[in-house]
Amino acid sequence: MLRFLKKLSAARIIALGFAAVILIGSLLLMLPCSIQEGVEVEYIDALYTSTSAVCVTGLIAIDAGDTFTPLGQFFLAMLIQVGGLGVTAVGAGIILAVGRKVNLKGQNLVREAMNLDSGRGVIGFVKSIFVTTLIFELTGAALSFLVFVQDYPPLRALGISLFHSVAAFNNSGFDIMGNFQNLIPYRDDVLLNLVTCGLIFFGGIGFLVIRELWQKRCRWRKLSMHTKVVLTVSVTLIVVGGVLIKLTEDVTWMGAFFHSVSARTAGFSTYPLGEFSNAGLLVLTVLMFIGASPGSTGGGVKTSTFFVLLQGIKAAATNRSEKAFRYAIPREAFRKAAVITLLAAGVVVGGTYLMTVFEPELSLMQILFEITSAFGTVGLSTGITPDLSVGSKLLSILIMYIGRLGPLTVASLWYFQRIERVGYPEGNIAIG
């Protein structure tokens, strides 16, 4: 087994690791001690829930609050935590916790999974990930407890608060309050809305950005180009998304702001999305497709990819070099951003087509929204998820998996390095 793993590329080991955790999670959720008395769970729904948790999505075919026992909900929270931090980072953390050293292969895996430029400081970075996560999730749980304790017994409120904090920071829209209600009962609670948005935002900008903000004391001039891009694009999308949602939907400004933040891969909702207009759903679809930032707990094509793509288009249109924040953007960055976006669009369009075949009674907007939510590992839904056929659920499982790994990573799984023995002259081709 070890020899087999040594021969695999980092991308393949990461993909196998996520698949293994998903399968183990589905079995844990099927245990009698995980399911409430009198409730029956089919394996496809357990597999769907496990995939949604590990891929930090939040799409649900069965309600976690009405289906699982406290132990089952604990398993679900752990799957979300492992999925958010990443299988390789969790594995490295466990090795460090038992006093062992992470070998070079393990460090390369972490570097690949977290999009680090080099292998330097990987161990310190892993430690900072766990410390950062612990601080944010405990703080979020404490603040959330002040809200939930008003409606639930203290022990139950504590469990809901911890689960909610883990789900929010890892950008997974699960809840355990039952009846598929999500956060709709708390749409007017300012504290819970702000706490949830804060956890989603910091979980979505990435651990690299959080660490740099701490080290540089949030001094804008000293921040790297990557951090400036992530923060600028994230804030811009939140503001623009919030305004557009408010213009199209009958929601409060707080509700519009909340959904603009949540659509960036979190999946919590304070209004029933089945009642949103096509215009509002389209805004959310675009936000879900763009997603969070590299090295974060979220999905999507990523904010930096979106930024580089726009800068590349702008440079081509104005015949100027690609630059931002007094830095030149590497030429290879635009090529990679274009490939990722094209692959992502292919996954969404292909998935939408297949689901329209499986579910002809659903509208195109409902299906496009569902597929984009699965790819962006968001978890928002118009309410069609529980009634999907087995074929559609399997399709959604595959798309969530691709979205968590990244389309470029999935494409590279089939790549085998070969030496090019023949060279060809460049040809001419008309573009545009």
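These legends describe several close-up views of one predicted model.

Residues are numbered from 1 along each chain as its sequence is written, and side-chain values use heavy atoms, with hydrogens and water left out. Because the model is predicted, local features need pLDDT of at least 70 and side-chain atom pairs count only at pLDDT 80 or more, while totals for chains, interfaces and linings use all residues.

**Figure 1. The whole protein chain.** The protein chain contains 19 helices and two strands. Here helices (H or I, at least four residues) and strands (E, at least two) are DSSP runs, numbered from the N terminus. Of the 432 residues, 53% are buried. Buried means under 20% relative accessible area, exposed means over 50%, and partly exposed lies in between, with a 1.4 Å probe and protein chains only. The chain exposes about 21300 Å², and carbon and sulfur atoms supply 65% of that area. These areas come from the Shrake-Rupley method with a 1.4 Å probe; for residues, only the protein chains shown count as cover. A contact means heavy atoms within 4.5 Å. Among contacts with a separation of 6 or more, 69% are between residues 24 or more positions apart.

**Figure 2. Helix 9 against helix 10.** Helix 9 covers residues 154–169 and helix 10 covers residues 190–205. The two pack at an angle of about 40°, with their axes 7 Å apart. Axes are lines fitted to C-alpha atoms, for helices over the stretch in contact, and angles run from 0 to 180 degrees between N-to-C directions. Angles under 35 degrees count as roughly parallel, over 145 as roughly antiparallel, 65 to 115 as roughly perpendicular and the rest as oblique. Helix 9 and helix 10 are therefore oblique to each other. From helix 9, H164, S165, A168 and F169 take part in the contact; from helix 10, L192, T196, L199, I200, F202 and G203 do. These residues divide into six nonpolar, four polar and no charged. In this grouping Ala, Val, Leu, Ile, Met, Phe, Trp, Tyr, Cys and Pro are nonpolar, Asp, Glu, Lys and Arg are charged, and the others, Gly among them, are polar.

**Figure 3. Helix 11 against helix 12.** Helix 11 (residues 207–215) packs on helix 12 (residues 225–248) at an angle of about 110°, with the axes 10 Å apart. That angle makes helix 11 roughly perpendicular to helix 12. Which residues of helix 11 meet helix 12? They are V209, E212 and L213, and their partners in helix 12 are H226, T227, V230 and L231. The contact has four nonpolar, two polar and one charged.

**Figure 4. Aromatic rings around F136 and F169.** Rings of Phe, Tyr and Trp (its six-membered ring) pair if their centres lie within 6.5 Å; planes under 30 degrees apart count as stacked, over 60 as edge-to-face and the rest as tilted. By this rule there are nine aromatic pairs. In one of them, the rings of F136 and F169 have centres 5.3 Å apart and planes at 15°, so the pair is stacked. F136 lies in helix 8 (residues 122–148) and F169 in helix 9, so the pair ties together parts 33 residues apart in sequence. F136 is partly exposed at 21% relative accessible area, whereas F169 is buried at 0%. F136, F169, F201, F202 and F207 form one aromatic cluster.

**Figure 5. The pair F307 and F325.** F307 is buried, with a relative accessible area of 12%, and F325 is partly exposed at 30%. The two form a stacked aromatic pair, 6.4 Å centre to centre with 20° between the planes. F307 belongs to helix 15 (residues 303–318), while F325 sits in the loop between strand 1 (323–324) and strand 2 (327–328), 18 residues apart.

Figure 6. E322 lies in the loop between helix 15 and strand 1. Is E322 buried or exposed? At 17% relative accessibility, E322 counts as buried. Leaving out residues up to four places away in sequence, E322 touches Q311, G312, A315, Y327, A328, I329, P330 and F334. E322 and F334 are twelve residues apart in sequence and 9.0 Å apart in space, C-alpha to C-alpha.

Figure 7. Most residues other than glycine have a negative phi. V56 has a positive phi, near 45°. V56 is in the loop between helix 3 (43–54) and helix 4 (64–67) and is buried, at 0% relative accessible area. Phi of T377 is also positive, near 45°. T377 is in the loop between helix 17 (364–375) and helix 18 (390–405), and T377 is buried at 0% relative accessibility.
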